[in-house]
Amino acid sequence: MSDSIILEVQHITRDFGKFRALNGVSLKIPKGRLCALIGPNGAGKTTFYNVVSGRYRPSSGKIFFDGRDVSGLPPHRRVALGMLRSFQITNIFPALTVIENVMAPLIVHQGLSFSFWGSLKKHKALAAEAEQILERVGLAGHSGSMVSTLAYGDKRLIEIAIVLARKPKLVLLDEPTAGMNPEETDRMINLIKELSQQSDTTFFITEHDMKVVFSVSETIFVLNQGSLLAEGAPEIIKSDPKVRQVYLGGNLHAAGG
Ligand SMILES: Nc1ncnc2c1ncn2[C@@H]1O[C@H](COP(=O)(O)OP(=O)(O)OP(=O)(O)O)[C@@H](O)[C@H]1O
Ligand SMILES: [Mg+2]
């Protein structure tokens, strides 16, 4: 496999009983590229992320991450290799401050035990790194706040900060703007775009808002009924007759495509 491919899935199939949620999906994601996975409700996007991240086993097929076959590895081993998935707000500790939430994964990443927490609280280097990450996601002013006091959009940004603290090679974001108002959506999407441009980290997102998808993605993959329908640059996807058929009268139209 080429050095420049961060994720390659080969002929992934996933059945739930008699229902085939993923049907022989193959794709390659180049390092550093901002990619999106789109498709109608029930197309198999979340199932795909669950299989790639190791939460679900594929019924058949293989997954290569950074040149290595990870098909048999449990989720935490994939995380340790640099494949991160946003874990939603449920993974944030509401009773800790914002900066403590970001310091915790930094400690884990450095292989230090939680029993060091007390002394590490004073560890300036670690705190400085956490501050830097918070600055990158636009939460610099909130480091001392209790998470429980933050607005919804800010909590979702902490989620991104926690992911960044693990120094990911690939970040899988399943609907990062779900439940956000337009302003929060803009902020999140601009952040993902910026992070993608400023680092080697590869972002692979799902998103329902076609306007957002077409404005931010470099490559788009379209899933329909568990099969990959199309892939390519936004302009190619926008004018693909098969894709238009699937979205006929729907969001694609609204996006001016
Ligand atoms: N654990 C499961 N058991 C049985 N069926 C499942 C399971 N998970 C997903 N499915 C089915 O697989 C299909 C794909 O679901 P999935 O959640 O992956 O779609 P999606 O593309 O993420 O949809 P959405 O846009 O609504 O998030 C659906 O028909 C769903 O009901
Ligand atoms: Mg989904």
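A crossing of two helices is called left-handed if the near helix is turned anticlockwise from the far one by less than a right angle, and right-handed if clockwise. With that in hand, let us walk through the model.

## About the model

This is a predicted model, in which local features need pLDDT of at least 70 and side-chain atom pairs count only at pLDDT 80 or more, while totals for chains, interfaces and linings use all residues. Residues are numbered from 1 along each chain as its sequence is written, and chains are lettered from A and ligands numbered from 1 in the order in which they are written. Helices (H or I, at least four residues) and strands (E, at least two) are DSSP runs, numbered from the N terminus.

Helix 3 (residues 98-109) and helix 6 (residues 152-165) have axes 8 Å apart and pack at an angle of about 20°. Axes here are lines fitted to C-alpha atoms, for helices over the stretch in contact, and angles run from 0 to 180 degrees between N-to-C directions. Helix 3 is therefore roughly parallel to helix 6; angles under 35 degrees count as roughly parallel, over 145 as roughly antiparallel, 65 to 115 as roughly perpendicular and the rest as oblique. The crossing of helix 3 past helix 6 is right-handed. Helix 3 brings Val98, Asn101, Val102, Pro105, Leu106 and His109 to the contact, and helix 6 brings Ile158, Ala161, Ile162 and Ala165; two residues are in contact if their C-beta atoms, placed from the backbone, lie within 7 Å. By class, this contact of helix 3 with helix 6 holds 8 nonpolar, 2 polar and no charged residues. Ala, Val, Leu, Ile, Met, Phe, Trp, Tyr, Cys and Pro count as nonpolar, Asp, Glu, Lys and Arg as charged, and the others, Gly among them, as polar.

Helix 5 (residues 124-136) packs on helix 6 at an angle of about 130°, with the axes 9 Å apart, which makes helix 5 oblique to helix 6. This crossing is right-handed. Ile133, Leu134 and Arg136 of helix 5 touch Ala161, Leu164 and Ala165 of helix 6, giving 5 nonpolar residues, no polar and 1 charged. Helix 3 and helix 5 also pack, at about 115° and with axes 9 Å apart, so helix 3 is roughly perpendicular to helix 5. Their crossing is right-handed. In this contact, Val98, Ile99, Val102, Met103 and Leu106 of helix 3 face Leu126, Ala127, Glu129, Ala130, Glu131, Ile133 and Leu134 of helix 5, a set of 10 nonpolar, no polar and 2 charged residues.

An open sheet of 4 strands runs in the order 2-1-4-5, with antiparallel pairing; two strands pair if DSSP finds at least two bridges between them.

Helix 1 lies across strand 1, strand 2 and strand 4, at about 65° to strand 2.

Strand 6 and strand 7 (residues 170-174) pair in parallel over 3 bridges, and arginine 85 stands opposite leucine 172. Strand 9 (residues 219-224) pairs with strand 10 in the antiparallel sense over 5 bridges, with asparagine 224 opposite serine 227. Strand 9 and strand 10 form a hairpin with 2 residues between them, and glutamine 225 in the turn has a positive phi of about 45°.

## Around ligand 1

Ligand 1 is surrounded by Phe16, Phe19, Ala21, Gly39, Asn41, Gly42, Ala43, Gly44, Lys45, Thr46 and Thr47, a residue being near a molecule if its C-beta atom, placed from the backbone, lies within 6 Å of it. Strand 2 (19-30) and helix 1 (45-53) are the elements that give two or more residues to this shell. Helix 1 supplies the largest share, 3 residues. By class, the shell has 4 nonpolar, 6 polar and 1 charged residues.
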